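This report describes aromatic pairs, sheets and pockets in one protein structure. Please keep the sequence and the model in view while reading.

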Amino acid sequence: EARMKSTVEGGCLCGAVRFRLTAPPDEVGYCHCRSCRKHTGAPVSAFADCRREKLEWIRGAPTLYQSSPGVRRGFCARCGSTLTYQGDNLPDAIHIHVGALDRPEDFAPTAEASFPDERLAWFHLAAHA
């Protein structure tokens with residue numbers, strides 16, 4: 001379960017983009033979809049699902065790429081770090097890649113996985129796979 005004392009910060013690898021969450025994520029979960037794999041280069045993604053009004057960009061902002069109709073994926077244009085996912089189907093939400101948080105260890109996934117049918121057969125998680 002996400003633990004949050006006040007605010008949580010995060011950002012990209014090079015530091016050009018930094019953000020702050022002013023409230024805990026609504027939930028944290030894995031996504032197994034092919035698009036997330038392509039965007040991250042990882043076999044699975046972990047997202048902290050947040051309300052947009054609780055996210056503040058405190059340095060720079062992500063560059064957005066429209067990966068499919070109604071879907072924008074955010075990344076740092078300088079270092080390429082994967083940062084966000086936004087979909088028109090949830091206009092008040094933004095999904096932050098857990099690895100972009102300064103303390104990702106505080107945000108273990110607890111929600112059901114998205115797109116479990118696209119999970120790589122060789123990839124296994126201890127919980128919520």
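## Aromatic pairs

Three aromatic pairs are found when the whole structure is searched. Rings of Phe, Tyr and Trp (its six-membered ring) count as a pair if their centres lie within 6.5 Å; planes under 30 degrees apart are stacked, over 60 edge-to-face, and the rest tilted. One of the pairs joins Phe19 and Trp57: the ring centres are 5.8 Å apart and the planes stand at 75°, so the pair is edge-to-face. Phe19 belongs to strand S2 (residues 18-21) and Trp57 to strand S5 (residues 55-59), so this pair ties together parts that are 38 residues apart in sequence. Strands (E, at least two residues) and helices (H or I, at least four) are DSSP runs, numbered from the N terminus.

Is each of these two residues buried, exposed or partly exposed? Buried means under 20% relative accessible area, exposed over 50%, and partly exposed in between, with a 1.4 Å probe and protein chains only. Phe19 is buried, with a relative accessible area of 0%, whereas Trp57 is partly exposed, at 30%.

## Basis of the model

The model is predicted, and residues are numbered from 1 along each chain as its sequence is written. Local features need pLDDT of at least 70, side-chain atom pairs count only at pLDDT 80 or more, totals for chains, interfaces and linings use all residues, and side-chain values use heavy atoms, with hydrogens and water left out.

## The two sheets

Strands of a sheet pair through backbone hydrogen bonds, either parallel or antiparallel. Here, two strands pair if DSSP finds at least two bridges between them. S2 and S5 take part in an open sheet of three strands, ordered S1-S2-S5, with antiparallel pairing. From one strand to the next, the twist averages 30°; angles run from 0 to 180 degrees between the N-to-C directions of axes, which are lines fitted to C-alpha atoms. S2 and S5 run antiparallel and are joined by four bridges, and Leu21 has Leu55 in S5 as its bridge partner.

Another open sheet has six strands in the order S3-S4-S9-S8-S7-S6, again with antiparallel pairing. S3 and strand S6 (63-68) are its edge strands, each pairing on one side only. The twist in this sheet averages 30° from one strand to the next. Two bridges connect S8 with strand S9 (residues 93-97) in the antiparallel sense, and Thr84 stands opposite Ile96 in S9.

## The pockets

A pocket is an open set of points on a 1 Å grid over the protein atoms alone, where a 1.4 Å probe fits and protein lies on both sides within 12 Å along at least five of seven lines; lining residues have an atom within 4 Å of a point. A volume is the space filled by probe spheres set on the points. The largest pocket holds about 410 Å³ of space. It is lined by 20 residues, and those closest to its centre are Cys31, Tyr85, His95, Ser114 and Phe115. Strand S3 (27-31), helix H1 (34-40), strand S4 (45-51) and strand S7 (71-75) each give two or more residues to this lining. S3 supplies the largest share, four residues.

The second largest pocket has a volume of about 200 Å³. Among its 15 lining residues, Thr40, Thr82, His97, Gly99 and Ala100 are the closest to the centre.
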